[in-house]
Amino acid sequence: MARGRIVLGIESSCDETGAGIVSDGRLLAHVVASSMDEHARFGGVVPEIAARAHLHAFNPVVKEALEQAGLRLSDVDAVAVTTGPGLSGALQVGLAGAKSLAYAAGVPLYGVHHLAGHVAADTLEHGPLPDPCMVLIVSGGHTSLLLVRDLVRDPILHLGDTIDDAAGECFDKAARVFGLPYPGGPAIDRAARGGNPCAVAFPRPLIGAKGDPYAFSFSGLKTAAARWAEQHRQRGEELPLADGAASLQEAVADVLTRKALAACREYDVRTLVVVGGVAANSRVRALAEERCANAGVALRVPPLTLCTDNGAMIAAVGDLLVRADAAPAQLDVSIDPSAPLHYAALHPVDTRSVASRTA
């Protein structure tokens with residue numbers, strides 16, 4: 001049997017340095033180094049600290065991934081790297097390293113959209129995505145509802161995106177006013193255990209919105225949580241943290257799953273895929289399971305280790321691109337920190353450098 005082509009994936013869009021290796025849809029290696037602890041005291045990610053952490057972690061993470069897979073760099077057939085969206089300095093570090101690896105190995109380089117990586121992460125656990133499928137991406141910086149057909153061949157249809165704070169951002173900011181540590185999502189999840197999800201009547205933003213029914217907004221929910229905490233403190237009362245966290249979590253999970261299932265009904269899609277860091281939230285997963293079962297919709301959620309940012313998901317997109325015979329990027333490919341998600345491949349080139357060569 002012929003050996004499948006081996007793709008090394010690099011992720012460095014935020015505070016995780018990830019390297020993953022995939023071949024024909026099989027995960028061979030998955031290594032992540034996080035700088036989360038360095039950012040925690042600031043209550044959020046500091047771009048300069050993140051970029052320096054990527055510089056220190058890049059080589060050890062790639063080396064460990066190759067060792068985990070029992071491979072050498074000369075065995076790699078292609079390199080895939082996140083070129084956007086993300087923090088500019090962090091993306092630059094990952095792209096520079098990926099270019100060096102691709103050049104040294106003499107293999108093609110693929111620029112990958114970070115969010116497409118989250119979608120592809122599910123294929124490493126559950127196999128090829130159904131055509132079509134509904135994808136709900138929920139993370140610290142993104143909340144989007146997408147209609148996906150062939151992930152690497154077809155354009156991705158955005159049904160709705162966040163118009164302000166993303167779901168994960170809401171958790172982070174609410175956790176701060178609740179007195180919980182960063183990152184807020186896991187802290188809220190832990191604090192909610194034993195709490196009453198109906199104790200606080202937090203709003204459900206944009207439910208029933210007619211003009212843009214699948215848009216998301218979590219800024220008002222964040223503000224409501226802050227006011228709730230402030231009112232308790234002004235009265236000199238102890239904050240009923242478990243109830244507040246459980247109620248906030250319930251509001252987020254309710255909005256996400258209600259809109260996602262409504263989209264499945266409207267577009268007659270029988271599979272919902274939930275990905276991104278907030279997909280690790282216990283209540284989001286549980287409510288999605290409950291509502292999908294009631295609606296007769298199959299639910300796919302990656303394992304927890306593949307929900308947060310990682311190189312394996314980028315390698316998964318690269319693997320799909322290689323198998324689809326997609327054209328690789330050139331070594332002068334650049335980053336796009338605010339890249340919209342239209343296609344899985346993301347090959348932005350600095351037009352100034354092109355102009356200087358053709359002048």
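**Figure 1. Buried residues of helix 3.** Ala90, Leu91, Val93, Gly94, Leu95, Gly97, Ala98, Leu101 and Ala102 of helix 3 are buried. The term buried denotes a relative accessible area under 20%, exposed denotes over 50%, and partly exposed lies in between (1.4 Å probe, protein chains only). The model is predicted, so that local features require pLDDT of at least 70 and side-chain atom pairs count only at pLDDT 80 or more, while totals for chains, interfaces and linings use all residues. Residues are numbered from 1 along each chain as its sequence is written, and side-chain values use heavy atoms, with hydrogens and water left out. Helices (H or I, at least four residues) and strands (E, at least two) are DSSP runs numbered from the N terminus. The cover over the buried residues of helix 3 includes strand 1 (6–11), helix 2 (47–69), strand 4 (78–84) and strand 5 (109–113); contact means heavy atoms within 4.5 Å. The end C-alpha atoms of helix 3 (residues 88–105) are 26 Å apart, in agreement with the 26 Å that its 18 residues should span at 1.5 Å a residue. This expected span is 1.5 Å times one less than the number of residues. Gly106, which follows helix 3, has a positive phi near 65°.

**Figure 2. The packing of helix 6 against helix 8.** Helix 6 (residues 167–178) and helix 8 (residues 219–234) have axes 9 Å apart and pack at an angle of about 5°. Axes are lines fitted to C-alpha atoms, for helices over the stretch in contact, and angles between N-to-C directions run from 0 to 180 degrees. The two helices, helix 6 and helix 8, are therefore roughly parallel to each other; angles under 35 degrees count as roughly parallel, over 145 as roughly antiparallel, 65 to 115 as roughly perpendicular, and the rest as oblique. On the helix 6 side, Cys170, Lys173, Ala174, Val177 and Phe178 take part, and they meet Leu221, Lys222, Ala225, Ala226, Trp228, Ala229 and Arg233 of helix 8. By class, the contact of helix 6 with helix 8 comprises 9 nonpolar, no polar and 3 charged residues. Here Ala, Val, Leu, Ile, Met, Phe, Trp, Tyr, Cys and Pro count as nonpolar, Asp, Glu, Lys and Arg as charged, and the others, Gly among them, as polar.

**Figure 3. The crossing of helix 4 and helix 11.** The axes of helix 4 (residues 114–121) and helix 11 cross at roughly 85° and come within 7 Å. Helix 4 and helix 11 are therefore roughly perpendicular to each other. Residues His114, Ala116, Gly117, His118, Ala120 and Ala121 of helix 4 meet Met313, Ile314, Ala316, Val317 and Leu320 of helix 11. The contact of helix 4 with helix 11 divides into 8 nonpolar, 3 polar and no charged residues.

**Figure 4. Helix 9 and the residue that follows.** Helix 9 (residues 241–267) contains 27 residues and reaches 39 Å from its first C-alpha to its last, close to the 39 Å expected at 1.5 Å a residue. Helix 9 is mostly covered, with 19 of its 27 residues buried. Asp268 follows helix 9 and has a positive phi, near 55°.

**Figure 5. Surroundings of Thr305.** Thr305 belongs to the loop between strand 10 (298–300) and helix 11 (311–323). With a relative accessible area of 53%, Thr305 is exposed. Not counting residues up to four places away in sequence, Thr305 touches His30 and Asn310. Gly277 is 28 residues from Thr305 in sequence and 9.5 Å from Thr305 in space, C-alpha to C-alpha.

Figure 6. Most residues other than glycine have a negative phi, and most peptide bonds are trans. The bond joining Gly84 and Pro85 is a cis peptide bond with omega of about -10°, and Pro85 is placed in the loop between strand 4 and helix 3. From Asp131 to Pro132 the peptide bond is likewise cis, with omega near 5°; Pro132 is placed in the loop between helix 5 (123–126) and strand 6 (133–138). Asp24, in the loop between strand 2 (16–23) and strand 3 (26–34), has a positive phi near 50° and counts as partly exposed at 42% relative accessibility. Leu206, in the loop between helix 7 (184–191) and helix 8, has a positive phi of about 60° and is partly exposed, with a relative accessible area of 31%.
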